[in-house]
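Please open the structure in a viewer and keep the selection tool ready.

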Amino acid sequence: MTKKDKFGPPFNPRGKPLEANEMEKIPHIRAKAPAKYAWAAGTAMSRFLEELKNGKIIGRLCAQCDRVLVPPRMFCERCFKPTTEWVYLPGTAVVETFSISYIDQNANRIKEPILVGTVAFDGAPPDCGIMHYFGEMKPEELKIGMPVEPVWKPQNERVGSILDIKYFRPRKK
Amino acid sequence: MRDVVVLGVGATAFTSQTPEVNWKELMYDAAVKAYADAQIDPRRDVDSFITCAEDFWEGFSIFDEFTPDQLGAVMRPMMTVTGDGLQGLANAYMQIKTGMFNIVVVEAHSKVSELLTYEHVVEMAFDPIYERPLSAERNVHPYYVAGLEMNLYLHATGTTEEQCAFVAVQNRRQALSNPLAPYGARIGLQEIYRSGYAFSPLKKWEIASRADGSIVFVLAAEEIARRITKKPLVYLEGIGWSSESPWISARSADAGYARRAAQLAYRQAGITDPRRQIDVIEVEDRFAFKELQHLEALGFARPGEAGWLAQSGALGLDGELKVNLSGGSLGCGDLLEASALQRALEIVLQLRGEAGARQVPNARVGVAQSWRGLPHGTGAVAVFARRD
Ligand SMILES: [Zn+2]
């Protein structure tokens, strides 16, 4: 007889999953976290959001490392120097990386996958782009290095949000 | 072991709202000033960075993800201390003492104007099973705990309400000579009484208003600092911190957390008679009575004596004890975790002789004390000194 047999069935460290109604029987307290905030966008991002309303992409130049920072910042995180100039960019961009998302926020599988990724704007270096959606393409057409352009919401629907851009689509030749 | 000095300090002005900048730009402003003061380039000279922040104050999960850029800390050792500015300084102190790093930056800030539900976030610090339901049931502001503590303190020491009101008058007046302080005022006891009970026996104007701001400290090993500057150095001679049990009903009447933290710091700094040895004192006064309680906990007065000192004018630039000449939290505002660094900043300015109209002549040794605020009993004490 082994030691295990002597003490009954082997201990299962995984136990058994709790059912929802079993959870209700355990003494517990329910609470909400009523934490609400209103963050100032700041000097640089306020201008960026304002320009989105105008259908324009704007950045800030760091004279030290010669990078145009998009989204704009009032200081360069690499040089630790103030940025010096506002620079309008054409808005066209290149896909830096992407992923095709098949799972929604509640962890359910979705039929129409969501195309997400980061883009680097023409006129700015590859390491300071933004994240966004892709559209007007099949998932299998999406490639790293692909030239894309923003699709804007109609002017009267823009509110100064990153969502004023609906998505990026393949650039017309 | 090597000694630790303050190589540079920088701060934004403290103000009730800062809609013109985001939190990164606010921190950057203080950092630029501190690095200029320390005569260093953070990208080249700083070995490690520490911010003091609590995710719920900020509204971000994992707030330390968002701190490197504005401090010059990208691709460097960077950490967040979920504690106040003095606890941040304690971590920097140890990092330097061990010999692991030579120059360490500590930042603390408040962007509390952007927290729309301050009272609720404070309430979330209460025990969720025994205490929070009581606040929720009758929708009571969580500062009632300050009323409980004040009542207990008055009862235990014989301190009077008038003596506490005197602190509120004095600190707001002293804030008028601190250009960083937003809440300076020339008021009398009558105005404190007229403000009415908020949480009896605590009156409305005995409670510090909140403020935004950022403060940055650059600490360095003594031998490294000597290579950088010829200016007289301010030494961090000792630092301690301590926490009481969170049970509100078990809380001491004498700010035991501050007493214990002071013992730790005093032992390192060789302070045996604080009243005689320490020239400038900054103690936490988010609620006016707290200044008196903390002065007693730090050994500047016997229990019940601090109120008499306040009333007799002994706590001020012309008094025997130079207490909260910066205006304290009543004058500078409640800066969340940064209030601790505001106290340390005042001590450094005083010891350097840079405190302007409120300068204590020949200040050589100073103490800064923090308290993390309601509902908990956590505090820290730091002793600074000139050795030249
Ligand atoms: Zn740069």
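A residue is called buried when its relative accessible area is under 20%, exposed when that area is over 50%, and partly exposed in between. The model on the screen is predicted.

**Stop 1: a pair with one buried partner**

Select B:Arg352 and B:Glu354. These two residues form a salt bridge, and their closest N and O atoms are 3.1 Å apart. Is B:Arg352 buried or exposed? B:Arg352 counts as buried because its relative accessibility is 17%, a value under the 20% limit. B:Glu354, with a relative accessible area of 41%, is partly exposed.

**Stop 2**

Side chains of opposite charge can pair when their charged atoms come close. B:Glu223 belongs to helix α11 (residues 222–228) of chain B, while B:Arg2 is in the segment before β1 (4–11) of chain B, so the pair ties together parts that are 221 residues apart in sequence. B:Glu223 is partly exposed at 35% relative accessibility, and B:Arg2 is buried at 18%.

**Stop 3: a pair within one helix**

Move to chain A and select A:Lys53 together with A:Glu50. Their side chains meet in a salt bridge, with a distance of 3.6 Å from N to O. The two residues are three residues apart in helix α3 of chain A, and therefore about one helical turn separates them. Both partners count as partly exposed: A:Lys53 has a relative accessibility of 29%, and A:Glu50 has one of 44%.

**Stop 4: a network of charges**

Remain in chain A and select A:Arg67, A:Arg73, A:Glu77, A:Arg78 and A:Asp127. Salt bridges link these residues in a network. How many salt bridges does a search of the whole structure find? Over all chains, the search finds 39.

**Stop 5: a covered helix**

Select helix α14 of chain B, residues 288–297. This helix is mostly covered, with 10 of its 10 residues buried. The buried residues include B:Phe289, B:Leu292 and B:Leu295, and also the charged residues B:Lys290, B:Glu291 and B:Glu296. Next, select B:Gly299, which follows α14(B) and has a positive phi, near 85°.

**Stop 6**

Select A:Ile29, B:Ile129, B:Tyr130 and B:Trp247. These residues make a nonpolar surface patch of about 460 Å². B:Trp247 is located in the loop between β8 (234–243) and α12 (256–269) of chain B. With a relative accessible area of 45%, B:Trp247 is partly exposed.

**Stop 7: the largest pocket**

Rolling a probe the size of a water molecule over the atoms shows where empty space is left. The largest pocket holds about 930 Å³ of space. To find this pocket, select A:Met45, A:Pro71, A:Gly129, A:Ile130 and B:Lys24, which are the closest to its centre among the 34 residues of the lining. Which elements give two or more residues to this lining? In chain A they are α3 (42–53), β7 (109–121) and β8 (130–133), and in chain B they are α1 (23–38) and α4 (68–71). By class, the lining of the largest pocket has 23 nonpolar, four polar and seven charged residues.

**Stop 8: the second largest pocket**

Select B:Glu54, B:Trp57, B:Ala125, B:Arg372 and B:Leu374. They lie nearest the centre of the second largest pocket, which is lined by 20 residues and holds about 370 Å³ of space. At least two lining residues come from each of α3 (55–58) and α6 (118–123) of chain B. The element that gives the most is α6(B), with three residues. The lining has 12 nonpolar, three polar and five charged residues.

**Stop 9: the largest cavity**

Select its lining: A:Trp39, B:Trp23, B:Trp57, B:Glu58, B:Phe60, B:Lys111, B:Glu114 and B:Leu115. By class, this lining has five nonpolar, no polar and three charged residues.

Conventions. Residues are numbered from 1 along each chain as its sequence is written. Chains are lettered from A and ligands numbered from 1 in the order in which they are written. This is a predicted model: local features need pLDDT of at least 70, side-chain atom pairs count only at pLDDT 80 or more; totals for chains, interfaces and linings use all residues. Side-chain values use heavy atoms; hydrogens and water are left out. On a 1 Å grid over the protein atoms alone, a cavity is a set of points where a 1.4 Å probe fits but cannot get out, and a pocket is an open set with protein on both sides within 12 Å along at least five of seven lines; lining residues have an atom within 4 Å of a point. Patches are made of residues with over 30% relative accessible area and no salt bridge: like charges are joined within 9 Å, nonpolar side chains (Val, Leu, Ile, Met, Phe, Trp, Tyr) within 5 Å. Accessible areas come from the Shrake-Rupley method with a 1.4 Å probe; for residues, only the protein chains shown count as cover. A salt bridge is a side-chain nitrogen of Lys or Arg within 4 Å of a carboxyl oxygen of Asp or Glu. Helices (H or I, at least four residues) and strands (E, at least two) are DSSP runs, numbered from the N terminus. Buried means under 20% relative accessible area, exposed over 50%, partly exposed in between (1.4 Å probe, protein chains only). Grid points are joined across faces, edges and corners, and a volume is the space filled by probe spheres set on the points.
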